[in-house]
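Thanks for asking me to take a look at this one. My notes follow as numbered points, with the structure placed ahead of them.

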Amino acid sequence: MTISYKIILFSLIILYSPLWSQTGKLTGFVYNGSTDSSIVPNVDVNLLVYRGHSLIDDSSYTKKTDVRGKFEFTIPELDSSLIYYPSATFNSIVYYGDAVRLTGKLTSAASDVVVYDTTSNVDKIVVQLEHLFIDAEPGKLYFREIYIINNLGNKTYIGKHFDQQDKHYTLQFPLPDGFQDVEISTEEAQNWLKINGKSLYHTELMSPGSRQFSFRFAVPYKKKDWQLSRPIIYPIGAINIFVSNPELVLEGPGIQAMGDFGIRGTNYQRYSVQHLMPGMELILSVKNLPVKSISLSWIVLIGVIVLLIIGFGYTLRKSKS
Amino acid sequence: MSFGYYLLLLAFIASAYTIWAGASGIKLNRKSLIKNAQIAIYGQCAFVTLSILLLAYAFVTRDFSIEYVADYSDRSLPLIYTLSAVYAGQDGSLLFWTWLLTAFNALFIFVNRKSDDEFKPYVFTVHSAVTFSFLILAIYTSNPFKKLSPVPPDGFGLNPLLQNPEMIFHPPSLFLGFVGFTVPFAYALAALIKGNLSTEWLDRSRNWTLFAWIALTIGNLLGAQWAYVELGWGGYWAWDPVENASLLPWLTGTAFVHSVMVQKSRKMMKIWNVVLSILTFLLTILGTFITRSGIISSVHAFGESNLGTLFLVLMGFVVFVSVFLIIFRWSELKSAKRIEFLLSRDVSFLVNNLIFIVLLIVILVGTLYPAFSELFIGQQITKGEDYFNRISVPIGIFLLFLLSICPIFSWRQTTGKNIIKKLLYPFIVSIFFVFILFIMGVHHFKSMLTLGISSLAVMIIGVEIYANLINRMASKNEYFLISLIHVLKLNTRRYAGYLIHIGVILIYLAIVGTTVYKNETEITLQKGEEAVIGKYRLVYNRMGERRNSNKDVLIAELDVFKDFKKLGTVEPRRNFYRSTMGQIRYTTEVAVRSNLKEDLYVILASYQEDESATFVLMVNPLQIWMWIGGGVIALGVFIIIVHSIKNNKTEPKQVQTNSTIADNGKRKRRKKGR
């Protein structure tokens, strides 16, 4: 190898060495998932920068896609603790690409963003699976519901207006009469699960794909039997019902007992109901509930107080006589 | 509900019956009813004993269908802490308290089964009324047998901070103190109801009071020791509301223990004794109210519950009844004698009582300040350590001064000449002692004052014993040792009292050493590096791990050298407690190397992946004397109680009869006068 070749080779190494070029590059395409993944030119793409879970920059990097639907960001200084998310705004809805982390070893990466057309047609929304946990205390039934919901279509479902209100909702979950103590599982979910009237509403837009969330509530009761009648709004693949109290009996159309089932060491009676369609009704009869009665301890307390009053009355009378 | 709960219901019925049968037996003068009431007390004790045993059994057998068991234990908890978990939470500790109440009442009637104590039916009836209130709480608001559904596969575990040997004994000791003070309270009410305000009720309740006092003293010291070794901040008292809550009844209890002597010797301070015994009982309830009502936040607090309201009702009722009875008996509570001379033991005891009450008010105000500030300005303002120290330190020094000079005073009057005679040599020696300390480098004014007064106290006691010894040797022509034994035997109570005072002085010395002369530093060390604190040199060897049944232990090993000589190894740790419920909780376990001069105290503050670690090193001078002082106090009280029991057996009625006759005579004369 001659000296001139060595100089050229050395220059190339220096030129392309990541040690010398600590800038990064993030590229990607914006596709329309509703129209066979056609590219989307001229849409705004924004790069969100996170450190851990904290958003530290959402305005420094903004681009429009070119005619090929491509975007490209140059990151002037690499920091391996930062995470980048490209986001594209399409039809006023923001969609996100996959997370990217750029380091000294990985100075360029690609992350595409898929956007969708919108629809207000609910047909493609299904409840893939629902887990319903039931726990009874004397006078109160506790329900915990875990939903796995799927948008099977290729458009973002934007939902409907609340009656006479300028707010949207995408999903509705009717709650039984007298419900109380509603708890939503996560703080994040509390932002988009709202109670209005006798229902809990999901207010976030539903892009294609599945999501999961859960909530719990209580219902007071007085008699030994209690019945839930709930209209079915979305097609439901299956509902698994878990009952913690061994003495409770669950009945209803289409409900099948599946025997005992252990979850983290706790034993539940398991029931299942499958293939429920809009227009149908989920009817659950809970029987043999523990009924709140005047407890023995209160009878004893009242009895003791009455007897003490009578006793001291007797003593006073006797002492006078 | 479980069987244990039904047993509590039976105990509740039995306590109600005792109240009725006891009160009616007294009113109608029917011995059969009083006898039945006593049988019902044994019944109460049996039912609650069985109930608490069932709760303990549920803990041992890991019965997580009981909510309380699931909340305070898990499968990996060692047996000893599984048993101590019975009183780790609110519901269990209330049941434990109730059990002690029934046990004390049963013990009281058993001990007095052949006694002609005319207060007995009154005392056990009042005591049963207190038990009745606690059973209401245990049954209706803090039921430890509440069921949990669904049954979890494992419990949530016991707070790691409570998994410490001190915590096995600290709560029972405190509860023994709290419950023990129910007996003098019941005697005080009995004396007020009966109208017999002679010294008899004080004599009868004396041993119970001393037992309660020493249990509370030891309980507080064990709590301080727990804070010292477990909380890992190098201190033992932080003026936390819950710490204060157990200190408050101790203050009035201490004043009561002293005040009793004045009534016995001088027939004065009747009102003081009645009020102090009632106040001490009330403060035990107030302490529980503070910790359980949620009105004040504290690291120890049990959290907000409706229990606070019920305790408030109980306190209100006790205050109402007590005030009514005191007003009703006001004329009989007036002392027959008055203070005649300023230089007398009577005055020193009165001042002692006043100082304790001032200290009580200061601490009570500081403790309840957050609650009052929230009430009036809507914001909890906490009084810090500075507030408590600023006021309690000078008061504490003054109390030490009183303790030291008290023995030189006589009842009724002490002549100036006598005082000078008794005080001169001890005072000169103390001044000399302080001078030596000054030369040795002790320049802190409050320390010099405390150490000087302490030496004065010891000298006064020493001079008194020496004078008695010399007199005895001269008059009886005995050998030194025989005379010493006779002198100590003839004045057992008095010298046991001095022994208690010496225990208190030792605690004062420890407080001075650990607060004024504490040495502290924080340092990060790599393996093989060393740190120096005081005369100690510590070399950080390695970081090791150990796996125990319920925890993983991270151990830092440091060699300790002093004057180039290796003394041994210290191992500060961090314990990571496992729980099958998924939580991992850790505690910092300090390493303490004690000797009579000082404690070397090492905390593993933090550690890094490369095995470097940050340590907090402290040298706490005289720390061990705090615990030795506690032991000396306990020994003194033990001697007094044994001596008193022995004396009661040999001459059962002498003391009581004399005073009773005297006071009964006065009452009759007063009645005739009316």
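1. The partner of B:Asp552 is B:Arg547, and the two form a salt bridge whose closest N and O atoms are 3.0 Å apart. B:Arg547 has a relative accessible area of 61% and is therefore exposed.

2. Please keep in mind that this is a predicted model. The scores are ipTM 0.74 and pTM 0.76. For chain B the average pLDDT is 87, and 93% of the residues reach at least 70. Among the elements of that chain, helix α2 (residues 31-60) of chain B has the highest mean pLDDT, at 96, while helix α21 (residues 654-673) of chain B has the lowest, at 42. The pLDDT stays below 50 over residues 652-674 of chain B, a stretch that has 30 contacts in the model beyond near neighbours in sequence. Where pLDDT is low, the predicted coordinates should not be read in detail.

3. On to chain A. This chain has three helices and 26 strands. Its radius of gyration is 31 Å, whereas a compact globule of 321 residues would have one near 20 Å. Along the principal axes, the C-alpha atoms of chain A fill a box of roughly 130 × 55 × 45 Å. Of the 321 residues in chain A, 40% count as buried. The accessible surface of chain A is about 18500 Å², and carbon and sulfur atoms contribute 54% of that area. Counting contacts in chain A with a separation of 6 or more, 69% join residues 24 or more positions apart.

4. The box filled by the C-alpha atoms of chain B is roughly 90 × 70 × 60 Å along the principal axes. Buried residues make up 55% of the 674 in chain B. About 29800 Å² of chain B is accessible surface, with 65% of it belonging to carbon and sulfur atoms. Of the contacts in chain B with a separation of 6 or more, 72% are between residues 24 or more positions apart.

5. Salt bridges come next. Over all chains, a search of the whole structure finds 24 of them. One is between the side chains of B:Glu200 and B:Arg204, at 3.5 Å from N to O. These two residues are separated by about one helical turn, because they sit four residues apart in helix α9 (residues 200-230) of chain B. Both B:Glu200 and B:Arg204 are buried. They also belong to a network of salt bridges that links them with B:Asp116 and B:Asp117.

6. B:Arg390 and B:Asp386 meet through their side chains in a salt bridge of 3.0 Å, N to O. Both residues lie in helix α15 (residues 385-405) of chain B, four residues apart, or about one turn of the helix. Here B:Arg390 and B:Asp386 are both exposed.

7. Which residues make the nonpolar surface patch of about 810 Å²? They are B:Ile361, B:Val365, B:Tyr369, B:Phe372, B:Leu375, B:Phe376, B:Ile377 and B:Ile381. One of them, B:Val365, is found in helix α14 (residues 345-377) of chain B. With a relative accessible area of 41%, B:Val365 is partly exposed.

8. Finally, a word on B:Asp91, which lies in helix α5 (residues 90-111) of chain B. At 19% relative accessibility, B:Asp91 counts as buried, since the cut-off is under 20%. Its contacts, leaving aside neighbours within four places in sequence, are with B:Tyr68, B:Ser142, B:Asn143 and B:Pro144. The C-alpha atoms of B:Asp91 and B:Thr141 are separated by 8.5 Å, although the two residues are 50 apart along the chain.

Definitions and conventions:
Residues numbered from 1 in each chain as written. Chains lettered and ligands numbered in written order. Predicted model: local features only at pLDDT ≥ 70, side-chain atom pairs only at ≥ 80, totals over all residues. Heavy atoms only, no water. Patch = residues over 30% accessible without salt bridge, like charges linked within 9 Å, V, L, I, M, F, W, Y side chains within 5 Å. Areas by Shrake-Rupley, 256 points an atom, 1.4 Å probe, with all protein chains shown as cover. Salt bridge = Lys/Arg side-chain N within 4 Å of Asp/Glu carboxyl O. Buried < 20%, exposed > 50% of the residue type's maximum accessible area, 1.4 Å probe, protein only. Rg over C-alpha atoms; globule rule 2.2 N^0.38 Å. Contact = heavy atoms within 4.5 Å. pLDDT = per-residue confidence, 0-100.
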